[in-house]
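Shall we take a look together?

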Protein chains: 4
Amino acid sequence: MSVELKYPVIALNFKVYLESIGENAVRLARIAEEVSREYGVSIIVAPPLPDLRAVVEHVSIPVFAQHVDPYRPGGHTGSIIVENIKAAGAVGSIVNHSEKRLLLADIGAVLERLREVGLISLLCTDTVETTKAGAALGPNMLAIEPPELIGTGIPVSKAKPEVVTGAVEAIKRINPSVRILCGAGISTGDDVAKAIELGTEGVLLASAYVKAKDPKKLLAEMADAALRSWERRG
Amino acid sequence: MSVELKYPVIALNFKVYLESIGENAVRLARIAEEVSREYGVSIIVAPPLPDLRAVVEHVSIPVFAQHVDPYRPGGHTGSIIVENIKAAGAVGSIVNHSEKRLLLADIGAVLERLREVGLISLLCTDTVETTKAGAALGPNMLAIEPPELIGTGIPVSKAKPEVVTGAVEAIKRINPSVRILCGAGISTGDDVAKAIELGTEGVLLASAYVKAKDPKKLLAEMADAALRSWERRG
Amino acid sequence: MSVELKYPVIALNFKVYLESIGENAVRLARIAEEVSREYGVSIIVAPPLPDLRAVVEHVSIPVFAQHVDPYRPGGHTGSIIVENIKAAGAVGSIVNHSEKRLLLADIGAVLERLREVGLISLLCTDTVETTKAGAALGPNMLAIEPPELIGTGIPVSKAKPEVVTGAVEAIKRINPSVRILCGAGISTGDDVAKAIELGTEGVLLASAYVKAKDPKKLLAEMADAALRSWERRG
Amino acid sequence: MSVELKYPVIALNFKVYLESIGENAVRLARIAEEVSREYGVSIIVAPPLPDLRAVVEHVSIPVFAQHVDPYRPGGHTGSIIVENIKAAGAVGSIVNHSEKRLLLADIGAVLERLREVGLISLLCTDTVETTKAGAALGPNMLAIEPPELIGTGIPVSKAKPEVVTGAVEAIKRINPSVRILCGAGISTGDDVAKAIELGTEGVLLASAYVKAKDPKKLLAEMADAALRSWERRG
C-alpha cells in the first residue's frame with residue numbers, strides 16, 4: 001500500500017449533498033486537510049465520484065472513492081473501476097456502504113481488485129454477523145454501521161455499544177489485521193471519544209460534517225477527542 | 001432443526017428446466033426418494049418454487065427451496081419469505097446460488113430468518129475468499145461452486161481440487177460446525193467420490209441429474225460412490 | 001388468451017402477509033370466488049407464489065402470479081418463469097409491481113414471454129409518464145399505482161384523481177386496447193366506485209382485503225360499488 | 001436546453017477501457033473535437049465518470065455522462081446525480097445503456113431530473129418494443145442498440161435493418177420530437193451511412209473508436225459518411 005494511515009482515523013463520506021458537490025467538495029476537503037495538519041490526525045475524505053480528481057489536485061490528505069465496481073477494464077458503460085479511481089488519484093475506496101450494498105461475490109471481487117492495484121479498502125458492514133464475514137474477507141479497514149442509525153444524529157457508539165464491541169471482538173478473533181471503525185449517527189467529539197473507548201480505531205461519518213454550520217470547528221473537536229481518547233487507551 | 005441430515009449428502013437443484021417443472025418436479029423427486037431409500041444416503045431435492053408443495057406432498061426426503069427472500073411477512077409483492085416455504089413444507093433453502101446472488105447484508109438476514117423458523121440453510125459461495133466469509137456467517141451447510149464450471153460437466157472436484165480443499169480448510173479454521181459440500185460440473189459417481197476424498201461431506205448438482213437420460217441410474221451410481229468414498233475416509 | 005375477463009375487474013394482490021400465506025391463501029381465494037359468483041363481477045386473486053397451485057386447485061376464478069421472471073427454461077436457480085406459473089395453473093401475472101420493480105428491458109421480455117404461452121399480463125406503473133411507456137408495451141391490463149399511497153388507506157382515486165385520469169387518457173391515446181386499472185390505498189366500496197368514475201375498468205388492492213376484519217363483507221361492498229358505478233358510466 | 005445539437009450526430013461512448021481512462025479520455029475527446037471542427041459534424045463524447053470534469057476542461061464539444069442515478073441530492077453514497085454531472089460540466093447523460101440497465105420507474109425519474117436541471121437525455125433501448133416505451137417517455141434522443149451486437153463489429157444497420165426502421169417508425173408514431181440514433185457494432189463509415197439511410201439521425205458507438213489503431217482517421221471517415229448520407233436523404 002502506497003499510503004500509510006496513522007490511527008486513529010476520521011473518515012469523512014461526503015455522499016451527494018448540495019453542500020458536498022463540485023466546489024463544495026474541494027472546500028470541505030480543504031477544511032479537513034487543515035484540521036488534519038493542525039491536530040496530526042489522519043483524516044480521509046470521500047468526495048462524490050466526479051469530484052475525485054479535483055479534490056486530489058487540491059489537498060494532500062488521503063482521498064477515497066465512495067464506491068467502485070468489481071469489473072476489469074472493458075465494456076462496462078457507466079461503471080467505475082479501480083483503474084478509474086486510481087487514475088484520478090484516489091488511494092482507496094469505501095466498499096459496500098449501506099446506501100450502495102454489494103453482492104457477497106462482488107465484495108470479494110472488489111477487494112481483490114483494490115489489492116491488485118495497491119488501493120486501500122474500507123469495507124462497511126451492518127451487523128456483528130456480517131462483520132464476521134467482512135473480517136474473513138480481509139479488507140484493510142472495516143466500518144460497522146447499523147443502517148437504522150445513519151443520518152439520525154443518534155451515535156452508534158452510545159445507542160448500540162454492544163454492536164461496536166461485538167464487531168471489535170469478531171475482528172480480533174477472525175482477522176486481527178483488519179482495522180476497525182464505526183459509523184452511523186456520529187455527530188460530536190464525544191461520540192468519537194466513545195467510539196475509540198469501545199475499541200475502534202476511528203470513525204466514519206457524513207452528514208454531521210457535510211451539513212455542519214461550522215465544519216472546521218466540529219472536525220477540530222472530533223480530532224481532539226479522538227487523540228485524547230486514543231491516548232487514554234494507551 | 002426438525003430434520004436431521006445424515007452425511008454424506010447429495011443435494012439436487014432442479015433449477016427451472018422444462019425437465020424439472022410441474023409434474024416433472026414430482027417425478028424427479030420420486031426417483032431421488034427411491035435411491036435415497038435403497039442406498040441409505042441423504043438426498044435433498046430443491047424443486048422450482050411453485051412446485052414446492054406438490055413435491056412435499058409426494059415424497060418424504062428433505063425438500064428445499066431454491067431461494068428465499070430476507071423479508072418479514074408484509075407488503076412484499078412477488079417475494080418469497082421463510083414463512084412461505086415453511087408453510088409449503090420445505091425444511092430448508094439454498095441461499096445465494098450463483099444464479100441468484102444476494103447482497104452480503106441480505107445473506108445475513110436470510111440466514112437469521114431461516115434459523116428463526118427452524119429451517120436449514122445451504123449457502124453457496126464462489127471462491128475460497130467468499131467461503132471464509134460464508135463460514136463466518138454460520139450456515140448449516142455451505143457449497144462452494146466456482147460459477148465458471150456450473151453446467152459444464154467439468155467437475156470442480158477434478159478441475160479445481162485446490163478450491164475445494166481451500167474451502168474445506170477455511171471452514172475448519174473459521175467455523176468447523178458448518179458442513180461443506182462442493183458443486184459445479186458434478187456429473188458422475190467418480191466426481192462425487194473425488195469430492196468426498198477432498199474432504200467435503202457431499203455435493204450439489206443440477207443439470208447432470210435433471211437432464212440425465214436415466215436419472216435413477218446416475219443417482220444410484222452417485223449414491224454408491226458417495227458411500228464408498230465416505231467409508232474409505234473413515 | 002384462454003381466459004376471457006369481464007370488466008370491471010377487482011384484482012386482489014395477497015402479497016406475503018401472515019394472513020395470506022399457505023392455508024390463508026386458499027381461504028381468501030375462496031371468499032373471493034363466493035363474492036365473484038354472487039355479484040357476477042370478475043375477481044382475480046394473486047396468492048404467494050408457493051401457494052399458486054393450491055389456490056388453483058380450490059377455486060375457479062382467475063389466479064395470477066405476483067411476479068414472473070423474463071427467462072426461458074434453463075439454469076436460473078430461484079427464478080420463476082412463465083412455464084412454472086402456467087404449469088401451476090395461473091392464467092396471468094402481475095408485472096413490475098412497485099415492490100418488485102423490473103428493468104425496462106426485462107418488462108419487454110416478460111410481456112413477450114407471457115404472450116408466448118398465452119398468459120394475461122397486468123403491468124403496474126407508478127406515474128403518468130411511465131404509464132405512457134407501459135401502454136406502448138402493450139400489456140393486457142395496466143394498473144397505475146402511485147407507490148407513496150400503497151398500504152396507506154388513502155385511495156389514489158380520491159387523493160390523486162389527476163394521476164388516474166392522466167393515465168386513462170395516456171392509454172387511450174397510445175394504446176386503447178390496454179385495459180386500465182388503478183391501485184394504492186383502495187379500501188372501501190366508495191374508493192372503487194370513484195376509480196371507475198374516473199374512467200378505469202377496475203382496481204388492484206392488497207392489504208385492505210387481506211387484513212380486513214370481514215373480508216367477505218368488504219369485497220361484497222366493493223363488487224356492488226363497482227357494478228353500480230360501471231352501470232352509471234354506461 | 002442550453003446546448004443545441006446539430007444533426008446528424010455521432011455519439012462516442014468511451015466505456016471503461018484502459019484506452020479510455022484518465023489521460024486517454026482527454027486524448028480521445030480532443031481527437032473528437034478536431035474531427036467535429038474539421039467536418040462540422042456534432043460529436044458527443046461520454047468519458048468515464050471520474051474523467052468528466054477533466055474532459056470538459058479540455059474540449060468544447062458536448063460532454064455526456066455515461067450514466068446518472070435518479071436521486072435528489074442527499075444520502076446516496078456512491079451514486080452520481082444530475083447535480084454532480086452538471087457541476088462537472090456535462091451537458092447530458094446516456095440513460096439505460098444495456099450495460100447499465102435501469103428500472104422503468106427509475107428511467108422515468110432520471111429523465112425528469114435531467115429535464116429539471118436542463119441536461120440532455122440520450123436513452124438507450126434494446127428492441128422495437130422497448131423503443132416504443134422509450135419514445136413515450138420523451139427523452140431528447142433515443143438510441144436503439146440490440147445488445148447481442150454490441151462490441152461485435154457486426155453493425156446493427158446492416159445485420160438488423162428491420163430493427164432500426166422499426167424503431168424509426170415507432171418514434172414517428174409515438175413521439176416524433178425524439179431524435180433517433182442507432183448503435184451496436186458500428187465500426188466503419190459505411191455502417192454510419194447505412195444507419196442514416198435507414199432514417200436515423202446519428203449513431204452511438206464505443207469500442208470501434210476507443211480501440212481504433214487510428215481513431216482520428218476512423219472518426220473522420222464516419223463524419224464524412226454521415227454528412228454525405230444526410231445530404232442524400234435531403
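Q: By what turn can chain C be laid on chain D?
A: Keep in mind that this is a predicted model. Two copies of a chain are related by a rotation about an axis and a shift along it. For chain C and chain D the shift along the axis is 0.0 Å and the RMSD is 0.0 Å, and the turn is 180°.

Q: What kind of axis relates chain A to chain D?
A: Chain A can be laid on chain D with an RMSD of 0.0 Å, by a turn of 180° and a shift of 0.0 Å along the axis. That is the relation of a two-fold axis.

Q: Which residue of chain A comes closest to the rotation axis?
A: The axis here is the one that relates chain A to chain D. Going by C-alpha positions, the closest approach within chain A is 2.3 Å, and the residue is A:Pro50.

Q: Which helix gives the most to the side of chain A that touches chain D?
A: The contact joins 37 residues of chain A with 37 residues of chain D. Both α2 (52–58) and α3 (82–87) of chain A supply at least two residues to that side. The top contribution is four residues, and it comes from α3(A).

Q: How many charged residues does the side of chain A that touches chain D have?
A: Sorting this side by class gives 18 nonpolar and 14 polar residues. The charged residues number five.

Q: Is the peptide bond from D:Tyr7 to D:Pro8 cis or trans?
A: Most peptide bonds are trans. D:Pro8 sits in the segment before β1 (9–13) of chain D. Omega for the bond from D:Tyr7 is near 5°, and the bond is cis.

Q: What is omega for the peptide bond that joins A:Tyr7 and A:Pro8?
A: A:Pro8 belongs to the segment before β1 (9–13) of chain A. The bond between A:Tyr7 and A:Pro8 is cis, with omega about 5°.

Q: Is A:Ala184 buried or exposed?
A: A:Ala184 is in the loop between β7 (179–183) and α8 (189–197) of chain A, and its phi is positive, near 95°. The cut-off for a buried residue is 20 or more other C-beta atoms within 10 Å. A:Ala184 has 29 of them within 10 Å, so it is buried.

Q: What is phi of B:Asn96?
A: Most residues other than glycine have a negative phi. B:Asn96 lies in the loop between β4 (92–95) and α4 (104–116) of chain B, and it is buried, with 32 other C-beta atoms within 10 Å. Although B:Asn96 is not a glycine, its phi is positive, about 70°.

Key:
Residues numbered from 1 in each chain as written. Chains lettered and ligands numbered in written order. Predicted model: local features only at pLDDT ≥ 70, side-chain atom pairs only at ≥ 80, totals over all residues. Least-squares fit on C-alpha atoms with pLDDT ≥ 70 in both. Contact = placed C-beta atoms within 7 Å. Nonpolar A, V, L, I, M, F, W, Y, C, P; charged D, E, K, R; others polar. Buried ≥ 20, exposed ≤ 12 C-beta atoms within 10 Å, placed from the backbone.
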